[in-house]
Every structure is written in structure tokens, then in C-alpha cells.
Amino acid sequence: MRLKLKKEQEVNPTKIILTSKEKSELIFEAIFTMLLLLLINCSVLIILGQIIQRSPALENMIFGIKVVFWDTFQKQAVYSWQSIFVIVCLLVDIGITYWRIKRRYKQYQLQHILSELHYIANGHYDHLVHFELNGDLGSIVDSINGLVRSTKEAIEEERRMKDSKEELITNISHDIRTPLTSIIGYLQLIENQDHLSEEELKKYVHIAYSKAEQMKVMVDDLFEYATMQQNPNSQLHLTVFDLSQLMNQIAVDFQLQTENDALQLTTISEPENICIEADPDKIVRIFSNLLSNAFKYGEGATKIEMLAQKEHDQVRIVVRNNGRKIPKHALSRLFDRFYRVDSSRTSQIKGTGLGLAIVESIVQLHHGKIEVTSNDDWTSFIITLPLQQNETSERGF
């Protein structure tokens with residue numbers, strides 16, 4: 001009676017199959033109903049016969065009707081009012097019996113559905129009701145399956161959040177413990193060594209200070225990411241500004257680094273001026289994170305480009321570099337927290353692994369989308385943002 005499979009796609013909708021007991025009950029119901037109706041029909045027939053015999057006027061009226069039927073059909077069967085009455089009663093009896101059997105069958109269908117519900121309620125939250133039904137019962141089954149799917153998705157999401165939280169704690173512990181251990185080690189070295197030269201002292205203090213700055217970057221990134229996730233709408237301070245000018249200013253800010261790394265950084269805007277409503281500080285953070293990511297991981301790159309193109313009521317932003325191609329298996333995980341293409345967490349490249357996750361969060365705050373492509377020519381981060389923000393959503397109403 002119950003249909004339960006591990007994979008939903010392995011099951012096709014199936015009609016409810018009644019048990020032997022239910023079939024027997026249906027047959028008994030049909031026989032009992034027919035017998036009861038026959039008894040009622042006989043009783044009514046006898047009572048009507050008595051009434052007609054005691055009422056000459058009624059008997060004459062019935063006789064007149066029979067004459068009309070005889071003149072029309074010329075058949076003896078229609079000349080007897082009892083025959084007509086029996087035929088009518090038989091048709092009514094069949095209709096009532098069918099109605100009762102159909103009603104009983106629907107009750108059995110409902111019992112099967114309730115049985116499936118009890119099975120789901122007992123902890124089998126991934127079980128779907130695979131019954132092919134029409135009408136209201138079919139709608140009920142569809143609603144149950146929709147609820148099961150939603151519950152399953154909620155459970156899986158909760159499990160993912162739990163796993164993500166555990167991974168978050170592990171990664172934070174690892175990333176913060178490494179510089180913290182260095183800081184403590186060098187400070188102990190300074191404290192326990194009385195005969196350190198001034199040059200050695202400056203060296204150790206500088207290393208400890210660099211590690212402390214690295215920890216501060218990690219904590220700041222983590223705080224910003226957590227803040228955007230918990231209360232995103234309150235973080236936007238929208239204004240209208242020229243995106244092209246902002247890109248040029250960012251290029252100037254990164255000029256020294258591009259010269260040190262022998263890279264060519266260019267900006268292209270179509271049209272020359274693009275006005276956009278957004279939070280300028282967070283848009284700057286998007287470009288800064290993507291450019292920093294290109295400097296750190298764009299191995300072998302000689303060019304970095306920032307492109308902006310207006311498309312109807314949106315703007316398409318592309319930040320790309322011609323460095324080493326990102327492996328295909330890594331593209332889908334680039335925006336995961338703490339994920340790095342280089343799986344070694346002891347890499348000499350500084351960073352928290354939150355840069356791209358923060359970029360994705362900022363883009364989503366602005367009701368946009370981001371994607372990444374990588375081939376032998378370019379690794380491109382493509383962002384699409386609306387030129388104007390929805391007034392209701394931006395204020396969190």
C-alpha cells in the first residue's frame with residue numbers, strides 16, 4: 001500500500017491499489033445498498049397500489065396516461081404503470097449504488113493518503129506520496145509533496161549551514177592561530193633575550209607587527225562579511241555617481257602596485273559616462289577585492305582590464321586578467337568562504353579567502369549577479385548591476 005523509494009526520479013505516479021479487505025467491503029457495500037433499495041422500492045410499490053385502489057380519481061388519471069403511452073408506443077409494457085415504476089426505480093437504484101461506491105472508494109483513497117502522512121510524520125521527511133489522483137485529492141497529494149520537498153530542502157539547508165559553521169570555526173582557528181603563534185614567538189624571543197642588537201630587535205618587532213596587521217585584515221574581513229549576511233539592507237548608503245570616474249580613480253590608486261608587478265591596468269567605459277545608483281564605498285570594495293585577487297592569483301598576467309558597458313537599465317562590469325587559467329573544477333567554488341584555488345592554507349600568498357565571498361554579498365545587496373569565466377586568454381569576473389535600486393528593497397521595508 002505504501003510506495004517508498006530512495007530516489008524520487010525512480011518512481012512514477014501510481015494508482016491506489018485497494019487491499020483484499022477493502023475490495024470485499026466495497027462488494028458488500030454494493031450488495032447491501034441494492035438489497036436495501038429493492039426493499040424500499042417494493043414497499044413504495046405496495047403503498048402506491050393501495051393508494052391508487054382507494055382513489056378513483058387518481059386511478060382514472062393514471063389510466064388516461066397509460067392510454068396516451070399505448071397510443072404512442074403500442075407496447076404492452078408501457079400499459080402497466082408498475083413496469084414503468086420498476087424501470088425508473090432500477091435506474092435510480094443503480095445511480096445511488098454507484099454514488100455510494102464511489103464515495104466509499106474516495107474514503108479508502110483518503111485513508112491511504114493519511115497512512116502516507118503518518119509515515120512521513122514518523123520521521124521519513126524525504127518520502128513523497130506517489131499516487132495518481134484527480135480532483136481535490138490530487139491537489140492534496142500535490143500539496144503534501146510540495147511540503148515534503150520544502151521540508152527536505154530546509155533540512156538540507158540547515159545541514160549545510162551547520163557544516164559551513166563548523167568549517168568556518170575551523171578555518172578561522174587555523175588562519176588566526178598561524179600569525180598569532182608567530183607574534184607570541186617573536187615577542188617571547190624579544191622578552192627572553194637581553195642581548196639582542198638593535199637591528200635584530202627592529203626585525204622581530206617588524207615581523208610581529210606584520211603578523212598583527214595580517215590578523216587585523218582577517219578579523220575586519222570576517223566582521224564585514226558577517227555583518228552583511230546578518231543585516232544586509234541597513235548597510236547600503238545609496239547615491240548616484242559616475243561609475244567611469246570611480247573606475248579611473250581606482251586605477252590611479254593601484255598604479256604603484258601595477259608598476260611594481262610590471263602589469264598594465266586599463267579601464268574602458270561604454271559610454272564614456274555611466275551614472276549608477278549604488279553604495280560607492282561598497283562598489284570600491286568590489287573593484288579592490290577583484291583587483292587584489294588578480295594581483296595575488298593571476299600568475300603570469302601582464303594585463304588587467306576593468307570594463308563597464310551600459311545595457312538598457314543595467315550595467316555590465318568586467319574585471320579580467322590574462323594570467324593562468326583557473327581549473328574548471330574550481331570555478332563553481334570561487335565564491336565559497338575561505339576557498340582558494342591553491343588548496344594549501346600555508347601558502348605564502350596573504351589573504352583570508354573571504355574576498356570573493358564579500359564581493360558576491362555586495363553584488364547581491366545591489367540586486368545584481370556575478371559570474372566567472374576562465375580560458376587560456378582571460379579570467380573574467382562579470383558583474384551585472386541595475387542602474388537604479390528599488391526604493392522599497394533598499395531600505396529594508
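Helix α10 lies across strands β6 and β7 and runs at about 140 degrees to β6, where angles run from 0 to 180 degrees between the N-to-C directions of axes, which are lines fitted to C-alpha atoms, for helices over the stretch in contact. This is a predicted model, in which local features need pLDDT of at least 70 and side-chain atom pairs count only at pLDDT 80 or more, while totals for chains, interfaces and linings use all residues. Residues are numbered from 1 along each chain as its sequence is written, and side-chain values use heavy atoms, with hydrogens and water left out.

The protein holds eleven helices and seven strands, taken as DSSP runs numbered from the N terminus (helices H or I, at least four residues; strands E, at least two). Five of the strands form an open sheet in the order β2-β4-β5-β7-β6, with mixed pairing; two strands pair if DSSP finds at least two bridges between them. Because β2 (264–270) and β6 (369–374) each have a single partner strand, they stand at the edges, and one side of each is left without a neighbour in the sheet. Neighbouring strands of this sheet are turned against each other by 15 degrees on average, direction ignored. The pairing of β6 with β7 (residues 379–386) is antiparallel and extends over six bridges, and the bridge partner of Lys 369 in β7 is Thr 384.

Helix α10 (residues 355–365) also meets helix α8 (residues 280–297), and the two axes come within 9 Å and cross at roughly 150 degrees. That makes α8 roughly antiparallel to α10, a term used for angles over 145 degrees. On the α8 side the contact (heavy atoms within 4.5 Å) is made by Lys 282, Arg 285, Ile 286, Asn 289, Leu 290 and Asn 293, and on the α10 side by Gly 355, Leu 356, Ile 358, Val 359, Ile 362, Val 363 and Leu 365. The residues of this contact of α8 with α10 divide into eight nonpolar, three polar and two charged, with Ala, Val, Leu, Ile, Met, Phe, Trp, Tyr, Cys and Pro counted as nonpolar, Asp, Glu, Lys and Arg as charged, and the others, Gly among them, as polar.

Elsewhere, helix α3 (residues 81–121) contains Val 92, which is partly exposed, with a relative accessible area of 44%; buried means under 20%, exposed over 50%, and partly exposed in between (1.4 Å probe, protein chains only). The C-alpha atom of Val 92 is separated by 9.2 Å from that of Leu 37, 55 residues apart along the chain. Across the protein, buried residues make up 33% of the 397 residues.

Technical notes
Parallel < 35°, antiparallel > 145°, perpendicular 65-115°, else oblique.
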